[in-house]
Amino acid sequence: VLTDAAIESLASDLDRELLAFYDFDSNPGTPSGIGAPDILENFHGMGSLNAPEGYSPAADNDGNSNDAINLTGQHLDIFIEDLPTDFTILTWVNLTNTASDNIVFSKHSNDGDPLANVEVMFKIATGGSMYGEMGNGSSAIVDNFGSVTAGSWYHVGMSYEAATGAFHVFHNGNRSAGASITPASRQQDVSTPKTDLEIGRVNLDSGPILFNGNIDRFRIYGR
């Protein structure tokens with residue numbers, strides 16, 4: 001079993017291409033306290049979070065008070081016009097329960113479209129199985145790898161390589177065998193204005209699917 005320090009070190013070779021790091025360290029009851037990311041590069045308008053009113057700070061996976069955020073019934077929006085050509089998105093999650101689907105992050109090609117038009121989505125499904133999804137306009141291409149249980153912290157995320165169309169799910173430092181989408185058919189944001197990258201929600205015609213639990217140390221890499 002990897003220690004927290006060992007898992008964090010796995011991202012060290014990516015750090016030179018780290019575009020933004022949202023660590024969610026804040027003072028209790030201060031939404032603006034989590035609004036300013038540690039931005040290393042202002043990529044395509046990437047900027048501050050739209051932090052919800054009434055959110056609850058939470059202890060992180062090291063037990064530090066107010067160093068994570070509880071997103072139960074809430075979500076965050078990252079203002080970003082387009083994802084990098086190649087990207088990796090990693091974060092820590094601790095679910096309250098796995099009785100229903102939990103959306104860790106998503107970005108639609110057009111907000112409200114069906115999943116076939118989702119640009120990227122990372123989901124922890126009912127029961128705890130993890131899925132990375134990318135739409136090609138007619139269906140959602142899915143990579144399933146690893147699982148989580150409620151009440152424990154996990155380091156999770158996914159990556160995409162534009163040259164091959166390959167994308168992979170990450171679970172506590174382990175990478176899936178991956179799935180592949182035809183790069184030319186991959187859905188990209190064409191809406192006006194562009195949709196945000198949402199943490200803790202996907203907004204569908206049938207209604208939003210949210211996240212129940214805590215999130216911490218949300219990172220976006222340009223590779």
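Strands are DSSP runs of E with at least two residues, and helices are runs of H or I with at least four, numbered from the N terminus. The model is predicted: local features need pLDDT of at least 70, side-chain atom pairs count only at pLDDT 80 or more, and totals for chains, interfaces and linings use all residues. Residues are numbered from 1 along each chain as its sequence is written, and side-chain values use heavy atoms, with hydrogens and water left out.

In the loop between β13 (166–171) and β14 (174–175) lies Asn 172, a non-glycine residue whose phi is positive, at about 50°. Arg 217, which belongs to strand β19 (residues 213–221), is likewise not a glycine and has a positive phi near 50°.

Arg 217 also takes part in a salt bridge, defined as a side-chain nitrogen of Lys or Arg within 4 Å of a carboxyl oxygen of Asp or Glu. Its partner is Asp 62, with an N to O distance of 3.0 Å. Asp 62 sits in the loop between β4 (56–58) and β5 (68–70), 155 residues from Arg 217. Arg 217 is buried at 13% relative accessibility, whereas Asp 62 is partly exposed at 47%; buried means under 20% relative accessible area, exposed over 50%, and partly exposed in between (1.4 Å probe, protein chains only).

The whole structure holds seven salt bridges. Among them, Glu 119 pairs with Lys 107 at 3.7 Å between the closest N and O atoms, joining strand β9 (residues 118–124) to strand β8 (residues 102–108). Glu 119 is buried at 2%, and Lys 107 is buried at 0%.
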